[in-house]
Amino acid sequence: MAHAQTVRSTCPYCGVGCGLLIQVENDRIIDVSGDPSHPANLGRLCTKGSTLLQSARPEGRLRHPELRRTRSAARQQASWPEALQFAATRFAEIIRNHGPDAVGFYLSGQLLTEDYYVFNKLAKGFIGTNNVDTNSRLCMSSAVMAYKQTLGADAPPCAYEDVEQADCVLIAGSNPAYAHPVLYRRLEAAKGESSRMKVIVVDPRRTLTAAAADLHLPILPGTDVWLFNAMLHVLIWEGHLDRDFIANHTTGFSALSEAVRDVTPSVAASLCGVPAQSIIRAARWWGEAKAPLSLWCQGLNQSHHGTHSGAALIALSLATGKIGKPGCGPFSLTGQPNAMGGREVGGMATMLSGHRDLGRPDDRAEVARLWDIPSVPEKPGLTAVEMFESARQGALKALWIVCTNPAHSMPQQPLIREALERCDFVVVQEAYATTETAAFADLLLPASTWGEKNGTVTNSERRITRVHAAVAPPGDCRADWQIARDFGFALGELLGRAGDARRLLSFQEPEAVFREHVETTRGRDLDITGLSYHLLDTCGPQQWPFPAGAREGKKRLYPDGVFPTADGRARFVVPVTTLTREKTDSRFPLRLTTGRLRDQWHTLTRTGRVPQLWNHAPEPGIELNAGDMERRGIAPGSLVKVSNPRGSVVLKAFPSTELAAGQSFIAMHWGRGHLNSSGANELTLNEFDPYSKQPELKHAAIRVEPAHLPYKAVFLRTACEEEAATSLVLELADRLAPLLPRFGYAALRLAGRSHPVLVLQVAHDKPISPDWLVELDSGFGLQDDACISYHDPLRHITKKALVERERLTGIRLSGETAAAAWLENIMVENLEIAGLRRWLLAPMSMPPDRLPPTGRAICNCHNVTESQIVKEIRNGATLDQLKASLRCGTQCGSCLPEITQMIREAALVTVP
């Protein structure tokens, strides 16, 4: 019998970069745990990371190349030689007829650094186009430009331990309790140990992060620059500046000081919607702190002035001289696991390898020398929004999309679908066959994914970690860098440049790619010439810079006040003071904000396949202020139409105490894989920041009104055995997703845990077509001869129940759905139906017998529900007692902020 092996890797989700220990037996992953030796997480994992084992399943994987030679044909399985030759032929024809800038590559912050490097070299070094961009454009490019405009380089100057050493933490546009839970655990622990630490949160919503803060500033969307300028005004007025640091290490302060002279707290308060005294208090806490630290993420970045939002925040650190010291500085939190690594190799349309600028002739010349090519193209490449718009207009003829899902994640989705339909040739390189983008592919190429890859990643604190493959990829899947290399070889043959392709791309293993990447950093701000695979494997993850001869990486940057600018000084930037690009008005009076959920990630490609990750936020919906719902006659849980000039979506509406009047929230995760629409990005706009080219995904103006869809249906399906149930619901979900758009409303989700249930909820404006019901019945395996049935044609009510081995394994309720919730509970718990059989098709909203408690899961690790926790809190339980009795919060800890808030709210209610 084979013995289990332990393989070190990293989590494929957010930019915290948690280390993992993967247990492997017989080429199969059998366990995943946090790596106690990894500096980023010290063994901790969040709910997403701790369920990676459940995501390592075969369902939905793309295993073989598939191609279609015409748009009217269906894709057929192909061999790798056939697929690569087909791709090379199409690219060669387009390059010969229209030039190299008629093709483009759209990459992902989830690629390894080695993957990024080869694609970047393929496009810029061999093909001769700078049309290489990445979904990092959607999340971090504003932070990049803010760093470059102020500090001189794309380099977060802080370390994670600064979170524990700070005495004032300003969190702006970020909800780390959800988006970066493991790092937030460190902040929680530090706050619990230090009575001096002050936490300020700037966020339109009262998120769990905001609720736990000492001061919450619920500013109106888009007003962050005014807030930071007013705080700087107070710092100046009350003498909290480090004038020696400003004089000796910065430029531009006089101009910024003049710009904020009239931005008093009262002026900012009138625009931001927060009390002037709160702005003053925040500024004083910052100015009086010995170690103030700022953390920010997409709430600042995803704005048409995201660069200047970041620059205005960074100015608070520079003005007080609090940078390069323990606990101090501006610290952007990266959204993806290797967005940093992609930027290091220049994997974006405006960058070159080793943090070089495409716009600098000497940088282009240096890269040309390193790559031994005559020149690097001078013309700037198309960034994400520009690339898809170019495809829509017909200028970009071929688009190669790698490890990302733009048919869900890009703003203004109707334009993205149009672009993908119009583009002459679309290649999608993916691990999963069922993403929204895969449906547009002329050529699908199967790529390896988490657990199967070998290379490196860089996290938010500039720490590089080795990623080891734990298992072989399934079928014909290949490493992303290898696919790029082999395509380059095939293209070289057709362009008559086979020798150039072989010389530029002749990597035999990822370590060779890493060595070449290392050499491009020599003498740069991110110099890692002291690193190698061997050092990373033996000494563990390391921060850059790590030049040759160094014994360790640099924990913090700029301790000497010398910055990588022409004069060695940091720069103050006078920011623009515009608000949101789109204003509310009488037609579209509500502000929509978007963001993340705790237990889901990006477009649900991986987390959406783990049933228990649905239990915390079970249904897609829009959150609204309760007063706004009442004024519009919207009942909790009812369907509403959300619209603006770009599109509309139908969702369930839920009241939220986190939102002020006039505001709303939709999670970014829901798209056409689980809805009959693209969710939030049907409504967002593609206007972008002029410096970072990052679109304003965070805000749109909308109208919300009741949706009149009276004809409803609910389908439920599972199997008797756990493994069979999981396989069945995942395969069914993939097959049924293309049917969702035909309905006025349709939502497909998972429920349960180890014994999952697939749930489809449908609503329509007229009786649902019998043909559609028959098609869905067939898809769900609800054949007439196997089911208990009920039919009332006058009221358009039909019902079916499938019972196997005394378990309810299938339900269809059409026209009347009152019993759906408790029937779902029976199926999730896999209960014997016994005396319930005669009630299965009855119009009863409550079960006839007592069933086990159910409800939204707060602790996903131990399946502890909201109702269980509330009951214990009402009986006086403390947090420690809840941990002891229910075990909630004792594993990953992602639920602790919510449980703490529940205890806090209960105390407020019970105090006389």
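**Figure 1. Aromatic pairs around Phe91.** The structure holds 21 aromatic pairs, where rings of Phe, Tyr and Trp (its six-membered ring) pair if their centres lie within 6.5 Å, and planes under 30 degrees apart count as stacked, over 60 as edge-to-face and the rest as tilted. The rings of Phe91 and Trp400 form an edge-to-face pair, because their centres are 5.7 Å apart and their planes stand at 75°. This pair links distant parts of the chain, with Phe91 in helix α3 (residues 80-98) and Trp400 in strand β16 (residues 398-402), 309 residues apart; helices (H or I, at least four residues) and strands (E, at least two) are DSSP runs, numbered from the N terminus. Phe91 and Trp400 are both buried, a term that means under 20% relative accessible area, with exposed over 50% and partly exposed in between (1.4 Å probe, protein chains only). The model is predicted, so local features need pLDDT of at least 70 and side-chain atom pairs count only at pLDDT 80 or more, whereas totals for chains, interfaces and linings use all residues. Residues are numbered from 1 along each chain as its sequence is written, and side-chain values use heavy atoms, with hydrogens and water left out.

Figure 2. Because Phe91 lies in helix α3 and Phe425 in strand β17 (residues 425-430), the pair ties together parts that are 334 residues apart in sequence. Phe425 is buried, as is Phe91. Ring pairs join Phe86, Phe91, Phe105, Phe119, Trp400, Phe425 and Phe487 into a cluster.

**Figure 3. Charges over aromatic rings.** Arg61 lies over the face of Tyr432, at 5.8 Å from the ring centre, and Lys198 lies over the face of Trp285, at 5.1 Å from the ring centre. A charge sits over a ring if NZ of Lys or CZ of Arg is within 6 Å of the ring centre and within 35 degrees of the ring normal.

**Figure 4. Surroundings of Glu59.** Glu59 is placed in the loop between α2 (52-55) and β4 (66-67), and at 7% relative accessibility it counts as buried. Not counting residues up to four places away in sequence, Glu59 touches Tyr432, Arg609, Ser727, Leu730 and Glu731, contact meaning heavy atoms within 4.5 Å. The side chains of Glu59 and Ser727 are joined by a polar contact of 3.2 Å, that is, a pair of N or O atoms within 3.5 Å, of which, within protein, one must be able to donate a hydrogen and the other to accept it, while residues adjacent in sequence count only if both atoms are side-chain atoms. The C-alpha atoms of Glu59 and Leu732, which are 673 residues apart along the chain, are separated by 10.0 Å.

**Figure 5. Surroundings of Arg137.** Arg137 is found in the loop between β7 (132-134) and α5 (141-150) and counts as buried, at 3% relative accessibility. Its side chain reaches the backbone oxygen of Ser692 at 2.8 Å. Leaving aside neighbours within four places in sequence, the contacts of Arg137 include Met348, Thr383, Lys693 and Pro695.

**Figure 6. Cysteines without disulfides.** A search of the whole structure finds zero disulfides, a disulfide being a pair of cysteine sulfur atoms within 2.5 Å. For Cys272, the nearest cysteine sulfur, that of Cys168, is 17 Å away. For Cys861, the nearest cysteine sulfur is that of Cys892, 3.6 Å away.
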